[in-house]
Amino acid sequence: MSDNSEDPIVNLASLNNHLSPDRDGTPKQWIEEGKVPIRIFEEEILANGKLQKEKQGLKEKIETLHEENQRLRSASVSSPEAPAGEAYEPFPTDSLPSTPREYVTAASEALDVPPAFLAVPMLSVLSAGVGASAQLRLKRSWREPATLWTAVVAPSGSTKSAALQHVLRPVNKHEREALQSYEAALERHDPDGDSPRPVRTRYRTGDPTTEAVVRILDDNPRGVLLARDELAAWLGSFDRYAHGAADLQFWIEIWNGVQVSRDRVGEGNVTVSHPAVPLAGTIQPSTLIEKMGEIHFQSGFASRLILCKPPVTPKTWTEADVTPEVEDQYGRLLCTLYALEDRMDDGAPAVTHLSPKAKEAWISFYDTENERLYRETDDATRAARAKAINHGARIALIFHLCRVAVGEREPGPVDRQILEDGLTVARWCLNETLRVYDMLGLKTATLDPRDQLLRRMEETFTTAEAQAEAGAFDVTERTIRSWIGKLQADGKVTKLSRGTYRKT
């Protein structure tokens, strides 16, 4: 699907008569089908000299349609049952806590983009605000940290980078001020004295190497946000180097919130008991297809990554902007979340639990999702559904702490409404991730290479045609012949004649 197909669409059939009846070509056809992007419809009307005296009335109708389109695009829609591959569903903005909701709404209007461009990376920013300071206890042996990994998938020129930088503004401010304080403390430090060397407080890093992450976590047990405007190099590194698989396992342990350990040259072993490294980033669709491979799915890494691909629409100028008050509220919320570190007991997270009513809702959610998981036959979908259960608990924990931070809730257990809000967002994240899988054909990465080869072939194909794909799999032509033999043995292809096969 091209990006133009995702233009904001309104039903303009009622305005069809305003076009000249003898006008032919695509624009009139679009009107008849009710598929005219607003910007094109406006150009058609203003270009038609016969309608000049009706111009003002039509412009008012256009403005009304534009406002309705903005409302529909920002609507809070939650569809827990929506199968993967269906049309895009807007992010359920109403389920966000008030402060993030107001900021997402204002920033999306200012940038003229769907709210998901901001809401999805903001989930990771808020996750980093909580960091390792708190966990949600579902039962004695099951605690969920707050860590979330999110990626916005959109083409170049879609404003995805600007949206990411919008939600990172207060994080970058803290990082900048912390660096200035560290440099000032370093200048005052006497290396020959008894006082320890100053430690730099970190809020964000762009360096995903395991050595850098462990070093930062050792100095900052609360955790750090990994924010990268382009995730391609990081995703591609896991199957490019000899240590890629080990690094991938390291990151899976980070997401799980379990103890990680690394040896640092000259400094011995460094162990982090409660690692917290939320991820927020962007990537282009074609790049994601190229970089997200079998190793990411087979290891379970891919299922932990929340993907979203909001529609990319033509932009029109708007005077809308984020007010200083809304921006300050968002900044103060993050400050309060960062201060949760003071609640940690000797480096251990504070524990929050569910209220009785919330626990009932959680059990219902858990049982329902596991029933769907049991019926699922696709491996990639099964893995994503399994992690969506974890995401539901994590998002609910974050929402609870956000509402406590601004005084909307008293400290204590997570109530039912907050849990349901978190589960609504988690379901949306799952449905959207699966939609992206289907749109970009990412599920093929979970297939055995022989089956991937078979998918590339026509119904009837020759050995030579299959061998032409050897480069795509980085194997020899001899290996391709071996694969064909295995596919034939498995009953997946039938030999028609020498060197010619048909899929079965």
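Leaving aside residues up to four places away in sequence, Leu337 touches Leu126, Gly129, Val130, Leu401, Cys402 and Ala405, where contact means heavy atoms within 4.5 Å. The model is predicted, so local features need pLDDT of at least 70 and side-chain atom pairs count only at pLDDT 80 or more, whereas totals for chains, interfaces and linings use all residues. Residues are numbered from 1 along each chain as its sequence is written, and side-chain values use heavy atoms, with hydrogens and water left out.

Leu337 belongs to the largest nonpolar core, which has 70 residues. A nonpolar core is a set of buried Ala, Val, Leu, Ile, Met, Phe, Trp, Tyr and Cys residues joined through side-chain atoms within 4.5 Å; buried means under 20% relative accessible area, exposed over 50%, and partly exposed in between (1.4 Å probe, protein chains only). Phe91, Leu126, Leu337, Trp362 and Leu419 have the most contacts inside this core. Helix H5 (residues 116–130) gives the most to it, with 11 residues; helices (H or I, at least four residues) and strands (E, at least two) are DSSP runs, numbered from the N terminus. A second, separate core of 41 residues includes Ile216, Trp234, Phe238 and Phe297. In soluble globular proteins, nonpolar side chains tend to be buried together.

Aromatic rings form a further set of links. The whole structure holds 16 aromatic pairs, in which rings of Phe, Tyr and Trp (its six-membered ring) have centres within 6.5 Å; planes under 30 degrees apart count as stacked, over 60 as edge-to-face and the rest as tilted. One of them, Tyr203 with Tyr338, is tilted, at 4.7 Å centre to centre and 55° between the planes. This pair links distant parts of the chain, 135 residues apart: Tyr203 lies in the loop between helix H6 (160–188) and strand S6 (204–205), and Tyr338 in helix H12 (residues 324–338). Both Tyr203 and Tyr338 are buried. Elsewhere, ring pairs join Trp149, Trp234, Phe250, Trp251 and Phe301 into a cluster.

Two backbone positions also deserve attention. Most residues other than glycine have a negative phi. Asp112, although not a glycine, has a positive phi of about 60°; Asp112 is placed in the loop between helix H4 (98–111) and H5 and is buried, with a relative accessible area of 5%. Thr159, likewise not a glycine, has a positive phi of about 75°. Thr159 occurs in the loop between strand S5 (149–153) and H6, and counts as buried at 19% relative accessibility.
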